[in-house]
Amino acid sequence: SKSRATLQRIEDRGLHPTIVEYLKTPPTVAELDMLCTALGVDPTEMVRFNEQEAKDLGLKKTDTRLRADWLNLLAEYPRLIERPIVLRGEKAVIGRPPENVEALL
């Protein structure tokens with residue numbers, strides 16, 4: 001529902017974004033690294049720790065993994081990626097809550 005609400009805000013501005021279905025076309029480690037840079041966050045801030053998959057993997061915010069390890073985990077388990085992520089130019093925001101997207105528009 002957050003992704004749909006964010007998309008609606010974008011479309012209400014007359015913009016027609018390219019939608020990447022991350023489960024059909026998971027981002028690469030390099031793409032995830034670029035998104036982290038555009039978001040200005042560490043990879044852990046893109047992880048959905050409340051997902052069952054994260055719990056099954058024993059992931060915690062306090063884990064002391066290297067950045068590369070987190071990026072590899074997100075590439076391998078794309079369901080863990082926080083969504084939606086909206087990228088415009090070299091800047092990005094996580095559209096949760098949907099109002100966050102206003103910073104890019």
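**Glu82 first.** I looked up glutamate 82 in this predicted model and got 15% relative accessibility, so I have it down as buried, the cut-off being under 20%. Its side chain meets that of arginine 96 in a salt bridge, 2.8 Å from N to O. Arginine 96 sits in the segment after β2 and glutamate 82 in the loop between α4 and β1, so this pair ties together parts 14 residues apart in sequence. I noted arginine 96 as partly exposed, with a relative accessible area of 35%.

**Other partner.** I also found the arginine 48 side chain in a salt bridge with glutamate 82, at 3.6 Å, N to O. Arginine 48 lies in the loop between α2 and α3, so here the parts tied together are 34 residues apart in sequence. Arginine 48 counts as buried, at 18% relative accessibility.

**Network.** Shared partners join Arg48, Glu51, Glu82, Arg83 and Arg96 into one salt-bridge network. My count for the model came to 10 salt bridges.

**Glu99 and Arg9.** I checked this pair too: their side chains meet in a salt bridge at 3.2 Å, N to O. Glutamate 99 is in the segment after β2 and arginine 9 in helix α1, so the bridge ties together parts 90 residues apart in sequence. Glutamate 99 is partly exposed at 44%, and arginine 9 is partly exposed at 28%.

Then I went to the largest pocket, which holds about 940 Å³ of space. I got 30 lining residues, with Thr18, Ile19, Val20, Ile85 and Val86 closest to the centre. Helix α1 gives the largest share of the lining, five residues. By class I wrote down 19 nonpolar, five polar and six charged.

Note on methods. Residues are numbered from 1 along each chain as its sequence is written. This is a predicted model: local features need pLDDT of at least 70, side-chain atom pairs count only at pLDDT 80 or more; totals for chains, interfaces and linings use all residues. Side-chain values use heavy atoms; hydrogens and water are left out. On a 1 Å grid over the protein atoms alone, a cavity is a set of points where a 1.4 Å probe fits but cannot get out, and a pocket is an open set with protein on both sides within 12 Å along at least five of seven lines; lining residues have an atom within 4 Å of a point. Grid points are joined across faces, edges and corners, and a volume is the space filled by probe spheres set on the points. Helices (H or I, at least four residues) and strands (E, at least two) are DSSP runs, numbered from the N terminus. Ala, Val, Leu, Ile, Met, Phe, Trp, Tyr, Cys and Pro count as nonpolar, Asp, Glu, Lys and Arg as charged, and the others, Gly among them, as polar. A salt bridge is a side-chain nitrogen of Lys or Arg within 4 Å of a carboxyl oxygen of Asp or Glu. Buried means under 20% relative accessible area, exposed over 50%, partly exposed in between (1.4 Å probe, protein chains only).
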